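Here are my notes on the model, written as numbered points. Please read them with the structure open.

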Amino acid sequence: MLLQDSEQAIAQAYREYDAYIHQQSVLAKRLQRGDVRSTYRSVDTRKGIAEGIEHNTQFIKTIQAQLAPYVKIEKLVATRESNELSYLSNFDYIRRDWSGQDGAEKEIDTICRTIGNLAELHDTDRNCAVFLGSGTARIAWELKTKFRLCFSLDNSITMVSMFAELRQRDVPLYEINYTNVLHEGNNSVPYTASLRKSSEPATGFMHFAGDARHQPFANHSVSTVFSVYFTDLLPLRILMPELKRILKPGGVFIHFGPLHYHFQDIEDMLTADEVKAAFESEGFEIVSEDLLPLSHHYSEIALNTKSYRNWIFAARKKVQAPLALSMETVLNLHQGIRYTSGGSISADKGDETSGYQITLPSGEVFSGSELILEIARRVDGQKTLAEIANDIEQEFDFQIEDKNELLNLVTTLTAGGVFRI
Ligand SMILES: C[S@@+](CC[C@H](N)C(=O)[O-])C[C@H]1O[C@@H](n2cnc3c(N)ncnc32)[C@H](O)[C@@H]1O
């Protein structure tokens with residue numbers, strides 16, 4: 001689990017499961033007892049729904065039991081009352097992904113073919129893919145073999161635990177529809193969630209609890225980022241720095257879905273045109289765009305069908321032309337840098353500094369020496385790099401041995417938006 005505060009997230013999920021299990025068992029008992037108001041409903045229908053609820057709740061109980069050893073009491077105390085049971089009580093994702101139902105399989109197939117083709121076309125090395133907010137992971141699971149490495153992350157412990165459980169066993173579940181059903185008996189219909197039919201090996205694949213806002217990937221290490229029904233979950237201004245940081249030059253971002261926006265601020269509810277313009281202004285080129293109508297979480301039973309006009313686009317991070325810097329180049333500060341210094345004092349080792357953590361405007365962080373800061377302090381749009389190097393050598397009475405290394409460093413910082421020529 002790679003959430004920022006995993007212990008708190010586990011405790012919060014544990015508490016939400018408690019609330020959910022309680023709520024569902026009260027409902028099931030009430031249906032079993034038959035003390036519901038409607039005189040038009042048969043005992044069998046009530047029992048059928050109650051059985052479905054009990055099965056689904058049993059699955060959540062299993063997940064809760066697996067979390068139990070990792071729950072810290074002090075974190076449990078700090079949990080908040082929550083009504084956010086939406087992803088919990090919503091078994092639509094696991095049903096679409098793993099029930100094998102025809103309508104669901106058609107949706108999966110369409111999505112996988114569409115975004116898989118885009119990746120094949122635009123990601124030339126297909127070294128490493130990341131699926132953001134990937135739910136119960138079917139789409140990532142299907143496309144994993146196109147890449148050497150494939151990571152799938154979701155910040156919902158429930159989604160990730162459901163997938164983990166399916167790797168161990170098939171799970172009997174019920175599709176429960178309280179509304180929009182034609183026949184008695186369709187309120188609660190059994191199915192089996194199963195990974196069985198996929199015989200692909202899972203080497204180089206991982207589905208884990210993680211946050212798209214703080215991803216555990218190295219700078220410039222990812223060749224494709226997939227965002228299926230996810231871009232509208234987070235404001236783009238929050239997602240963008242991570243995309244720019246993790247994607248390698250030439251890497252692609254592939255979006256599939258509507259722009260339904262699940263947050264409040266209308267300033268963040270961008271049109272497709274605005275999203276494209278944002279990517280272009282951040283150093284991407286748009287390499288593909290299309291619209292594709294598709295049902296969403298199709299159910300054979302429900303009388304209503306949700307359908308999206310999915311917007312699909314792929315944006316490639318541009319490869320910067322190499323900068324031609326020399327010791328005679330005159331630099332100015334562009335957006336500057338933020339830095340923190342670290343160190344420790346101990347009895348055996350005395351006072352030790354552990355260098356500087358330098359954050360570039362792109363969000364990229366690297367460890368560096370004080371030389372970077374000394375250069376940043378001196379650039380003024382007038383001095384050449386040779387003059388700055390000379391100033392530093394004089395002031396600190398030392399020789400910068402490798403001028404090529406210095407040039408490489410300054411080139412990286414200029415490409416990263418710290419300096420401008
Ligand atoms: C609309 S669902 C789509 C799931 C999946 N992509 C699919 O198509 O089935 C959005 C998913 O994003 C996850 N999510 C929301 N915010 C997230 C974040 N900050 N980081 C990672 N996942 C997140 C939710 O838990 C949910 O599973």
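1. The buried residues of helix α9 (residues 236–246) are Glu-242, Leu-243, Lys-244 and Ile-246. Buried means that 20 or more other C-beta atoms lie within 10 Å of the residue's own; exposed means 12 or fewer, and partly exposed lies in between, with C-beta atoms placed from the backbone. Helices (H or I, at least four residues) and strands (E, at least two) are DSSP runs, numbered from the N terminus.

2. What do the buried residues of α9 pack against? Their partners are β1 (128–132), β6 (222–228) and β7 (247–257). A contact here is a pair of C-beta atoms, placed from the backbone, within 7 Å.

3. This is a predicted model: local features need pLDDT of at least 70, side-chain atom pairs count only at pLDDT 80 or more, and totals for chains, interfaces and linings use all residues. Residues are numbered from 1 along each chain as its sequence is written.

4. The largest nonpolar core has 62 residues. Such a core is a set of buried Ala, Val, Leu, Ile, Met, Phe, Trp, Tyr and Cys residues joined through C-beta atoms within 7 Å. Among the residues with the most contacts inside this core are Val-130, Val-225, Phe-253 and Ile-254. At least three residues come from each of domain 1 (1–89) and domain 2 (92–317). A second, separate core has 15 residues, including Ile-372 and Phe-419.

5. Leaving out residues up to four places away in sequence, Ile-254 touches Ile-115, Leu-118, Ala-119, Thr-224, Phe-226, Ser-227 and Ala-314.

6. The domain assignment, which is automatic or from a database, also gives domain 3 (332–420). The C-alpha centres of domain 1 and domain 3 lie 54 Å apart.

7. For the protein chain as a whole, there are 13 helices and 14 strands. Of its 421 residues, 31% are buried. Among contacts between residues at least 6 apart in sequence, 73% join residues at least 24 apart.

8. Is Val-26 buried or exposed? Val-26 counts as exposed because there are 10 C-beta neighbours inside 10 Å. Val-26 sits in helix α1 (residues 6–33).

9. The ligand is surrounded by 18 residues, and the closest are Gly-133, Gly-135, Asn-155, Ser-156 and Ala-212. The shell divides into 10 nonpolar, five polar and three charged residues. In this count Ala, Val, Leu, Ile, Met, Phe, Trp, Tyr, Cys and Pro are nonpolar, Asp, Glu, Lys and Arg are charged, and the others, Gly among them, are polar.

Conventions. Near = placed C-beta within 6 Å. Contact = placed C-beta atoms within 7 Å.
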